[in-house]
Amino acid sequence: ILLIIVISIAIYYNYYQKKKYNKQLREINDQLEIINKQLLKSNLEKENLIGIIKGELNLASKYVTSLLPVEYKDENINAEWIFQPSEELGGDSFGYHYIDDENFAMYLLDVSGHGVGAALHSVQVLNILQNSTLPNVDFKKPEEVLNALNKIFQMNHYSGLYFTIFYAVYNVKTRTLCYSAAGHPPMLL
């Protein structure tokens, strides 16, 4: 009889422990389900935000690309180029245009780093060059253009961003090319 009582107590204790552990497991399971639902919701929100960011970066890339010049050809100039974009938005750009009837400007610049900051910095410089908007600067003189750009774009005012540039002016009447480079390798002739 003592053995039956001991076995009964053991069975009851085991049953009680299992019931207690099962209750704890259900509570933990319920908590895990709540956490899982929160994670799923967070992942959906993250994917949505990533989609928005990718869309914005794609628009920024298209905008920067739209600023590049069209291929150009006349009796003096033949400007052709190939654009192979990288996966990241960056600060590389170039341009060319006639300053006047005789002088054709061409420029190539590369802003340090990648991303939106580099692209915005590049667009700012490109707009200045395309529109010849440096005050008191003769855009037919590359050294004046680069000196003026250097004075404006000090890297301590632009979050450490800097750019290298090659700027040249070809005079179609005299068939001379004047150029300057600031940290950029010279063009091959």
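This is a predicted model: local features need pLDDT of at least 70, side-chain atom pairs count only at pLDDT 80 or more; totals for chains, interfaces and linings use all residues.
Biologist: Hi! Let's start with the strands. How do S3 and S4 run, and how many bridges join them?

Modeller: Hello! S3 and S4 run antiparallel, and eight bridges join them. The two strands form a hairpin, with four residues between them.

Biologist: Nice. Which residue is the bridge partner of Gly95 in S4?

Modeller: That is Tyr107.

Biologist: And how many bridges join S4 to S5?

Modeller: Nine, and S4 and S5 also run antiparallel. As an example to look for on screen, Met106 stands opposite Ala168 in S5.

Biologist: While we're on S4, is Ser112 buried or exposed?

Modeller: Ser112, which lies in strand S4, has a relative accessible area of 17%, so it counts as buried.

Biologist: What is Ser112 in contact with, leaving aside its neighbours within four places in sequence?

Modeller: Ser112 is in contact with Ala118, Gly160, Leu161 and Tyr162.

Biologist: Okay, over to S5. Where does Asn171 lie?

Modeller: Asn171 lies in strand S5, which covers residues 163-171. Its relative accessibility is 11%, so Asn171 counts as buried.

Biologist: Which backbone nitrogen lies 2.9 Å from a polar atom of the Asn171 side chain?

Modeller: The one belonging to Lys173.

Biologist: And which residues does Asn171 touch, not counting those up to four places away in sequence?

Modeller: Asn171 touches Glu102, Asn103 and Thr176. Of these, Asn103 falls within strand S4, which spans 103-114.

Biologist: Changing topic: charges. How many salt bridges does a search of the whole structure find?

Modeller: Three. Side chains of opposite charge can pair when their charged atoms come close.

Biologist: Let's go through them. What does Lys140 pair with?

Modeller: Lys140 forms a salt bridge with Asp100, and their closest N and O atoms are 3.7 Å apart. Lys140 sits in the loop between helix H2 (116-131) and helix H3 (142-152), while Asp100 is in the loop between strand S3 (90-98) and strand S4 (103-114), so the pair ties together parts that are 40 residues apart in sequence.

Biologist: What are the accessibility values for Lys140 and Asp100?

Modeller: Lys140 has 35% relative accessibility and counts as partly exposed. Asp100 is partly exposed too, with a relative accessible area of 29%.

Biologist: And what does Lys141 meet in a salt bridge?

Modeller: The side chain of Lys141 meets that of Glu144, at 3.9 Å from N to O. Lys141 is partly exposed at 37% relative accessibility, and Glu144 is partly exposed at 26%.

Biologist: Which residue forms a salt bridge with Lys46?

Modeller: Glu47 does, with the closest N and O atoms 3.8 Å apart. Lys46 counts as partly exposed at 42% relative accessibility, and Glu47 counts as partly exposed at 49%.

Biologist: Last topic, then. Which residues form a nonpolar patch on the surface?

Modeller: Ile28, Leu32, Ile35 and Leu39 form the patch, and together they have about 370 Å² of accessible area.

Biologist: Where is Leu32 found?

Modeller: Leu32 is found in helix H1, which covers residues 2-66.

Biologist: Great, I'll go and look at those in the viewer. Thanks!

How values were computed. Residues are numbered from 1 along each chain as its sequence is written. Side-chain values use heavy atoms; hydrogens and water are left out. Buried means under 20% relative accessible area, exposed over 50%, partly exposed in between (1.4 Å probe, protein chains only). A polar contact is a pair of N or O atoms within 3.5 Å; within protein, one must be able to donate a hydrogen and the other to accept it, and residues adjacent in sequence count only if both atoms are side-chain atoms. Contact means heavy atoms within 4.5 Å. Patches are made of residues with over 30% relative accessible area and no salt bridge: like charges are joined within 9 Å, nonpolar side chains (Val, Leu, Ile, Met, Phe, Trp, Tyr) within 5 Å. Accessible areas come from the Shrake-Rupley method with a 1.4 Å probe; for residues, only the protein chains shown count as cover. A salt bridge is a side-chain nitrogen of Lys or Arg within 4 Å of a carboxyl oxygen of Asp or Glu. Two strands pair if DSSP finds at least two bridges between them.
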